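Work through the exercises below with the sequence and the model open. Each task is followed by a solution in steps.

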Amino acid sequence: MGLQQQWEQLVEAASSDERAQQQFWGAYYAAETDAYKNILSQKRQKLSGTAKEVAASLGLETALFAGFCDGINTSLTAPVDLDALEEDAAVELDIDWEKLYYNMHEARAQWLYTLPEWDGVLDEGKRKQITADWRAAHVVKVEKKPGRNAPCPCGSGKKYKYCCGARG
């Protein structure tokens, strides 16, 4: 059985009740945070070896490493084939720091993108720019509905309440 299947089984087993879910994800997020602290503090942009070796270097069990790879995959220059991930399979994680920082915002993982270890990896100005770019990409624009007595936006010349407003 591959590591991805083991990871999926762990997630499924933890979903049996809310308490088990909270414990599982709490433990996973703590291990993930430690792994990112390790990577960022050592500025380890490239990690390579077997999946078992890389997992051990990050302090993760191999099944949790599959979950870690699932999360970081979109931040790598070449994604890992999760379905083919085995303990003795060769793995190379080549991290794109800017993508990783952006994707941490995308995942709303504040506990990760606010780690102090980012100081030595991306300067503060670059982090602020990435944060601004992420916020700009997630701005919701709501068009204001015309008032009842306002001219209809369809251009008919009628009041909105007698034109398009009467239909809906």
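**Exercise 1.** How are helix 1 and helix 4 oriented to each other: roughly parallel or roughly perpendicular?

*Solution.* The model is a predicted one, in which local features need pLDDT of at least 70, side-chain atom pairs count only at pLDDT 80 or more, and totals for chains, interfaces and linings use all residues. Residues are numbered from 1 along each chain as its sequence is written, and side-chain values use heavy atoms, with hydrogens and water left out.

Step 1. Find the helices: helices (H or I, at least four residues) and strands (E, at least two) are DSSP runs, numbered from the N terminus.

Step 2. Take the axes, which are lines fitted to C-alpha atoms, for helices over the stretch in contact, with angles running from 0 to 180 degrees between N-to-C directions. Those of helix 1 and helix 4 come within 8 Å and cross at roughly 95°.

Step 3. Classify the angle: under 35 degrees is roughly parallel, over 145 roughly antiparallel, 65 to 115 roughly perpendicular, and the rest oblique. Helix 1 and helix 4 are therefore roughly perpendicular to each other.

Step 4. List the contact (heavy atoms within 4.5 Å). Leu3, Gln4, Gln6, Trp7 and Leu10 of helix 1 meet Thr62, Ala63, Leu64, Ala66, Gly67 and Asp70 of helix 4.

Step 5. Sort these residues, counting Ala, Val, Leu, Ile, Met, Phe, Trp, Tyr, Cys and Pro as nonpolar, Asp, Glu, Lys and Arg as charged, and the others, Gly among them, as polar.

**Exercise 2.** Describe the packing of helix 2 against helix 4.

*Solution.* Step 1. The axes of helix 2 (residues 18–41) and helix 4 (residues 62–72) come within 11 Å and cross at roughly 65°. That makes helix 2 roughly perpendicular to helix 4.

Step 1. Helix 2 uses Tyr28, Glu32, Ala35, Tyr36 and Ile39 for the contact, and helix 4 uses Leu64, Gly67, Phe68 and Ile72. By class there are 7 nonpolar, 1 polar and 1 charged residues.

**Exercise 3.** Which residues have the most contacts inside the largest nonpolar core?

*Solution.* Step 1. A nonpolar core is a set of buried Ala, Val, Leu, Ile, Met, Phe, Trp, Tyr and Cys residues joined through side-chain atoms within 4.5 Å. Buried means under 20% relative accessible area, exposed over 50%, and partly exposed in between (1.4 Å probe, protein chains only).

Step 1. The largest core has 41 residues, and Leu58, Phe65, Phe68, Leu93, Trp97 and Trp118 have the most contacts inside it.

Step 2. Helix 2 gives the most to this core, with 7 residues.

Step 3. Examine Trp97, which lies in helix 5 and is buried at 11% relative accessible area. Beyond four places in sequence, Trp97 touches Ile39, Leu40, Lys43, Arg44, Gln45, Trp118, Val121 and Leu122.

**Exercise 4.** Where do Lys43 and Arg108 lie?

*Solution.* Step 1. Lys43 is in the loop between helix 2 and strand 1 (46–50), and Arg108 is in the loop between helix 5 and helix 6.

Step 1. Check the backbone: phi is positive at about 50° for Lys43, not a glycine, and at about 55° for Arg108, also not a glycine.

Step 2. Arg108 counts as exposed, at 56% relative accessibility.
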